[in-house]
Amino acid sequence: MNFTREGVTKIEADKLLRHEDINYQNFERSLQEILKSKKVSPIIVDSKTLLVIDGHHRLAALKSLGYRRIPVMLVDYDSPTVKVYGWRRYFSPELLAKTIIRNFQSEGKFCAEYEKIRICEDNLYSLYWKLDSLENYLSSIGFCVQKNQEHGLKPPILTKEYVLEIAKKGLLFPPKSTRHTYDFIIPKYLISVECL
């Protein structure tokens with residue numbers, strides 16, 4: 001897939017379909033970067049559904065600054081060159097975290113696993129919010145929480161179809177639930193906000 005600066009288009013913010021909530025720290029960081037540089041990277045969006053694939057915090061920052069036309073780079077979400085993964089959660093100190101996490105073990109159709117510890121729900125969407133609550137709780141009592149691709153609590157895999165289904169219902173996954181990858185390079189263009 002080839003992109004050029006001409007491949008960036010502007011779309012009304014209200015037409016974009018979000019699938020993840022935002023957290024304040026990342027929102028504030030995006031906001032400050034835009035205010036300081038007066039530039040923003042285009043948001044990655046599905047060409048058919050206008051699902052935001054990457055850039056929820058930049059979108060929120062632009063909207064909060066009053067911009068209604070958002071720079072986007074359109075990709076084909078159905079393409080096998082676009083993949084969706086989740087993030088694992090690693091808690092430190094690990095042994096103490098595992099002791100606490102064992103208290104959250106449960107049964108259900110969908111399960112996140114941390115070695116032999118299973119946290120489950122009958123609904124995948126609910127499980128992701130349960131994991132977010134656990135993550136926030138551990139963070140609030142002093143644990144370091146790192147999202148990564150290889151170690152720690154492993155949530156079930158999300159499919160592109162399920163991500164889109166949740167977004168079309170007007171629901172949002174917790175912040176940073178999905179991790180999209182591309183088998184092509186998306187350039188890191190910066191667009192002047194003066195052009196919006």
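This is a predicted model: local features need pLDDT of at least 70, side-chain atom pairs count only at pLDDT 80 or more; totals for chains, interfaces and linings use all residues.
Phe104, Tyr137 and Ile141 come together as a nonpolar patch on the surface.

- You'll find isoleucine 141 in the loop that links helix H4 (124-140) to strand S10 (144-148).
- Isoleucine 141 counts as partly exposed, because its relative accessibility is 42% and that class lies between 20% and 50%.

**A buried spot: serine 30**
- Serine 30 sits in helix H1, which covers residues 24-37.
- Is serine 30 buried or exposed? It's buried, because its relative accessible area is 12% and the cut-off for buried is under 20%.
- Leaving aside residues up to four places away in sequence, serine 30 touches His57, Arg58 and Ala61.

**The whole chain**
- The protein chain has five helices and twelve strands.
- Its radius of gyration is 18 Å, close to the 16 Å that the globule rule gives for 196 residues, so the chain is as compact as a globular protein of that length.
- Along its principal axes, the C-alpha trace spans about 55 × 35 × 30 Å.
- Of the 196 residues, 45% are buried.
- Take the contacts with a separation of 6 or more: 77% of them are between residues 24 or more positions apart.

Terms used. Residues are numbered from 1 along each chain as its sequence is written. Side-chain values use heavy atoms; hydrogens and water are left out. Helices (H or I, at least four residues) and strands (E, at least two) are DSSP runs, numbered from the N terminus. Buried means under 20% relative accessible area, exposed over 50%, partly exposed in between (1.4 Å probe, protein chains only). Contact means heavy atoms within 4.5 Å. Patches are made of residues with over 30% relative accessible area and no salt bridge: like charges are joined within 9 Å, nonpolar side chains (Val, Leu, Ile, Met, Phe, Trp, Tyr) within 5 Å. Accessible areas come from the Shrake-Rupley method with a 1.4 Å probe; for residues, only the protein chains shown count as cover. A salt bridge is a side-chain nitrogen of Lys or Arg within 4 Å of a carboxyl oxygen of Asp or Glu. The radius of gyration is taken over C-alpha atoms; the globule rule is 2.2 Å times the number of residues to the power 0.38.
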